[in-house]
Structure formats: C-alpha cells, structure tokens
Amino acid sequence: DGTDYHRMSAMIDDSENNAYKEMYTRFYKIMYKCNRIVDQLNDGSDERKRVIAEAKAWRAWAMMRLTQLWGSAPLVEHVLDGDKYSFYPGNSDPEENWKWIMQQFDEAQAVLPSKSGLGGQKAIGGRWTKEACYAYMAQGYMWRNDYENAKIELAKVINLSLIHISEPTRLRRREYGARQIEQCGYVEGRQ
C-alpha cells in the first residue's frame with residue numbers, strides 16, 4: 001500500500017519500516033537477472049551484444065542506487081553459485097563500486113544505439129541508449145563531487161542534440177499563476 005515508503009519519505013524510520021529492505025532486495029534481483037544475461041548470453045551476434053549491453057547498464061544503475069543508499073553494499077558481478085562465487089559476499093569498498101559502475105556504463109554505451117533524434121525514444125521504447133549511459137555516468141560523477149567529469153558526460157548528451165532541454169525552472173514557474181509562483185519562492189523582479 002506504500003505506507004512504508006511514505007514513512008520513509010517523511011523520514012519516519014524505525015525497525016517496522018520494510019521499505020529499505022524491499023528496495024535492497026529489488027536492486028539485487030535486478031543485479032541477479034542482469035548477471036545471468038551477462039554470464040550466459042555470449043554467442044556474439046549483434047542482437048545479443050545489445051542485450052548484454054542493456055543488462056550491463058541495468059546492473060550499473062542498480063549498483064549505483066545500492067552504493068548511493070548503503071555505501072559499502074556488496075558488489076555482485078556474477079551469479080552467485082556458492083562454489084566459484086560465495087552466496088554471502090562481504091561489503092565492498094564504495095570507491096571500487098563506483099569504478100565498476102562507471103566501467104559498466106562505459107562498456108554499455110560503446111554498444112548501445114543512440115536515439116534517432118528528438119522523440120526518437122518512441123521508436124525503441126524503454127530501452128537503454130548511449131545517451132542514457134552518459135547521463136547516469138554524469139550523475140555518478142556528481143554524486144562523487146567530480147564535477148569536471150560530470151561536465152564531460154553531460155556535454156556528450158547535450159551536444160548530440162537528441163534531447164529537449166527545458167527552460168530554466170524559474171521561467172516555467174511564471175506560467176502557473178501568481179499563487180504557484182509565490183509558493184515556489186519566485187518573486188517578480190528577483191532572480
């Protein structure tokens with residue numbers, strides 16, 4: 001029913017709130033499914049390379065969220081089989097997690113297609129694109145306070161002209177009427 005998530009967003013956390021556990025489990029389920037694809041799908045066809053690239057992007061995204069929320073979350077790079085890879089991996093160094101995340105996004109973007117143009121996402125649906133990888137890499141760099149690399153990744157997205165960049169928020173707020181403008185803290189004549 002979302003009650004735990006509402007409590008979490010209101011920062012009312014206690015031992016009865018299962019939202020974090022659910023998120024943690026959900027992210028590792030994504031990792032598991034993606035690891036199966038990366039580990040087992042390897043005949044080299046272009047279609048399979050693209051599917052593997054999407055799996056790498058998804059698992060990088062999931063690991064990014066785990067690292068942002070838990071810091072030293074265990075890095076699970078392969079399907080855990082209890083033999084070659086322990087069922088109970090230990091916590092990871094957050095810096096190693098970030099290196100792996102960026103490597104996964106980089107490997108994925110090298111294979112994934114670009115959108116065909118503005119509105120081009122409709123043609124490919126909800127699939128990962130090269131530009132999405134650049135954007136998430138930029139987010140990762142910003143999270144780590146590496147603004148120079150974040151600028152480089154964001155410039156790749158912006159310079160391709162494949163996305164619509166909105167007007168600054170301050171200008172859009174004017175369109176909603178005086179009450180909304182006041183609530184947002186915008187006062188005519190101030191910037």
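## Helices H3 and H4

In this predicted model, helix H3, spanning residues 46-70, and helix H4, spanning residues 94-109, have axes that come within 8 Å and cross at roughly 155°. Because an angle over 145 degrees counts as roughly antiparallel, H3 and H4 are therefore roughly antiparallel to each other, and H3 passes H4 in a left-handed crossing.

On the H3 side, the residues that meet H4 are Ala53, Lys56, Ala57, Arg59, Ala60, Trp61, Met63, Met64, Thr67 and Gln68. Their counterparts in H4 are Pro94, Asn97, Trp98, Trp100, Ile101, Gln104, Phe105, Glu107 and Ala108. Sorted by class, the residues of this contact comprise twelve nonpolar, four polar and three charged.

## Helices H3 and H6

H3 also packs with helix H6, which covers residues 130-143, at an angle of about 20° and with the two axes 11 Å apart. Since angles under 35 degrees count as roughly parallel, H3 and H6 are therefore roughly parallel to each other, and their crossing is left-handed.

The H3 residues that make this contact are Ala57, Trp61, Met64, Arg65 and Gln68, while H6 contributes Cys133, Tyr136, Gln139, Gly140 and Trp143. In terms of residue class, the contact of H3 with H6 has six nonpolar, three polar and one charged.

## Helices H2 and H3

Helix H2, made up of residues 19-40, packs with H3 at an angle of about 155°, and the axes of the two helices are 9 Å apart. H2 and H3 are therefore roughly antiparallel to each other, and the crossing of H2 and H3 is left-handed. The contact between H2 and H3 contains 20 nonpolar residues, together with one polar and three charged.

## Aromatic pairs

The structure holds eight aromatic pairs. One of them is formed by Phe105 and Trp128, whose rings lie 5.9 Å centre to centre with 45° between their planes, an arrangement classed as tilted. This pair links distant parts of the chain, since Phe105 belongs to helix H4, whereas Trp128 sits in the loop between helix H5 (121-124) and H6, 23 residues apart. Phe105 is also among the H4 residues that meet H3.

## Confidence in the model

Across the protein chain the pLDDT averages 80, and 76% of the residues score at least 70. Among the elements of the chain, H4 has the highest mean pLDDT, at 96, whereas helix H9, comprising residues 178-183, has the lowest, at 40.

Over residues 169-191 the pLDDT is below 50, and this stretch has eleven contacts in the model beyond near neighbours in sequence.

Methods:
Residues are numbered from 1 along each chain as its sequence is written. This is a predicted model: local features need pLDDT of at least 70, side-chain atom pairs count only at pLDDT 80 or more; totals for chains, interfaces and linings use all residues. Side-chain values use heavy atoms; hydrogens and water are left out. Axes are lines fitted to C-alpha atoms, for helices over the stretch in contact, and angles run from 0 to 180 degrees between N-to-C directions. Helices (H or I, at least four residues) and strands (E, at least two) are DSSP runs, numbered from the N terminus. Angles under 35 degrees count as roughly parallel, over 145 as roughly antiparallel, 65 to 115 as roughly perpendicular and the rest as oblique. A crossing is left-handed if the near helix is turned anticlockwise from the far one by less than a right angle, and right-handed if clockwise. Contact means heavy atoms within 4.5 Å. Ala, Val, Leu, Ile, Met, Phe, Trp, Tyr, Cys and Pro count as nonpolar, Asp, Glu, Lys and Arg as charged, and the others, Gly among them, as polar. pLDDT is the predictor's confidence in each residue, from 0 to 100. Rings of Phe, Tyr and Trp (its six-membered ring) pair if their centres lie within 6.5 Å; planes under 30 degrees apart count as stacked, over 60 as edge-to-face and the rest as tilted.
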